[in-house]
Amino acid sequence: MRNRLTLVATLSVVALGLTACSQPEAQSETFAFHTPGGQVEIFYDEAERVPLQEFSGESLMEEGSTINLSDFEGKVVVLNAWGQWCGPCRAEVDDLQRAHESLGDDGTVLGINVRDYNPQIARDFVTDNGVTYPSVYDPPFKTAGALGGVPTSVIPTTIILDREHRPAAVFLREVSDQDILDVTDQLI
């Protein structure tokens, strides 16, 4: 009986493997995130980039106003998921501001504020730190779906989009302004 179960299990694994190998790989029309081998820095060559889905959200600082990704058409966009409760987010905010200022008319940093269920605390953080780049207020991080399913458990997350809003780099860690500018300089 044991040999029979082993044989059935082995044949099932082989059949599954053959089935998986025989299916053609589908090319997605929008970005789908996956991290090979648990990397925290992922870079995409231009030929393998695909656009993000359009997304929008409530502006953190301008109540009643909506921010759309398409508001930044033709610009490099540095998306940064952050929360005022997050130590690495607090540490990188000055770097993000410097990167935003360096991008000038060619791009922007666009924050996505997550898990701050009291918007006033997040607004105070932005004001106290002299942040001038916009942020979407998204406590449940619903935009993660539009971002190709980036892991909602990894905060901060930074995704650098080229001018066509295709991910060129993903950082699943705290970033410096130099990390950002090394990528955006090539995109601009």
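**Notebook: salt bridges, core and confidence**

I counted the salt bridges to begin with: the structure holds 10. I was working from a predicted model, so I checked confidence next.

**Confidence.** I looked up the mean pLDDT of the protein chain and found 85. Of its residues, 81% reach 70 or more. I noted residues 2-27 separately, since pLDDT stays under 50 there. For that stretch the model has 1 contact beyond four places in sequence.

**Arg166 and Glu46.** I found the side chains of Arg166 and Glu46 joined in a salt bridge, at 3.6 Å from N to O. Which parts does the pair tie together? Arg166 lies in the loop between strand E7 (157-161) and strand E8 (167-171), and Glu46 lies in the loop between strand E1 (41-43) and strand E2 (56-59), so the bridge ties together parts that are 120 residues apart in sequence. Glu46 has a relative accessible area of 52% and is exposed, because exposed means over 50%. I also traced a network of salt bridges that links Glu46 and Arg166 with Arg49, Asp162 and Glu164.

**Arg98 and Asp177.** I found a salt bridge between the side chains of Arg98 and Asp177, at 3.0 Å from N to O. This pair links distant parts of the chain, with Arg98 in helix H2 (residues 87-103) and Asp177 in helix H5 (residues 177-187), 79 residues apart. For Arg98 I read a relative accessible area of 40%, which means partly exposed. Asp177, at 18%, is buried.

**Asp106 and Arg163.** I found Asp106 in a salt bridge with Arg163, where the closest N and O atoms are 3.5 Å apart. Asp106 sits in the loop between H2 and strand E5 (107-113), while Arg163 sits in the loop between E7 and E8, 57 residues away. I looked up both relative accessible areas: Asp106 is partly exposed at 31%, and Arg163 is partly exposed at 32%.

**Core.** I turned to the largest nonpolar core and found 49 residues in it. Strand E4 (residues 76-82) gives the largest share of this core, 6 residues. Those with the most contacts inside the core are Phe55, Leu79, Leu110, Phe141, Leu147 and Ile160. I picked Leu79 and asked which residues it is in contact with, leaving aside neighbours within four places in sequence. Leu79 is in contact with Leu52, Phe55, Leu110, Leu147, Thr157, Thr158, Ile159 and Leu161. In soluble globular proteins, nonpolar side chains tend to be buried together.

How values were computed. Residues numbered from 1 in each chain as written. Predicted model: local features only at pLDDT ≥ 70, side-chain atom pairs only at ≥ 80, totals over all residues. Heavy atoms only, no water. pLDDT = per-residue confidence, 0-100. Contact = heavy atoms within 4.5 Å. Core = buried A, V, L, I, M, F, W, Y, C linked by side-chain atoms within 4.5 Å. Buried < 20%, exposed > 50% of the residue type's maximum accessible area, 1.4 Å probe, protein only. Helix = DSSP H or I, 4+ residues; strand = E, 2+ residues; numbered from the N terminus. Salt bridge = Lys/Arg side-chain N within 4 Å of Asp/Glu carboxyl O.
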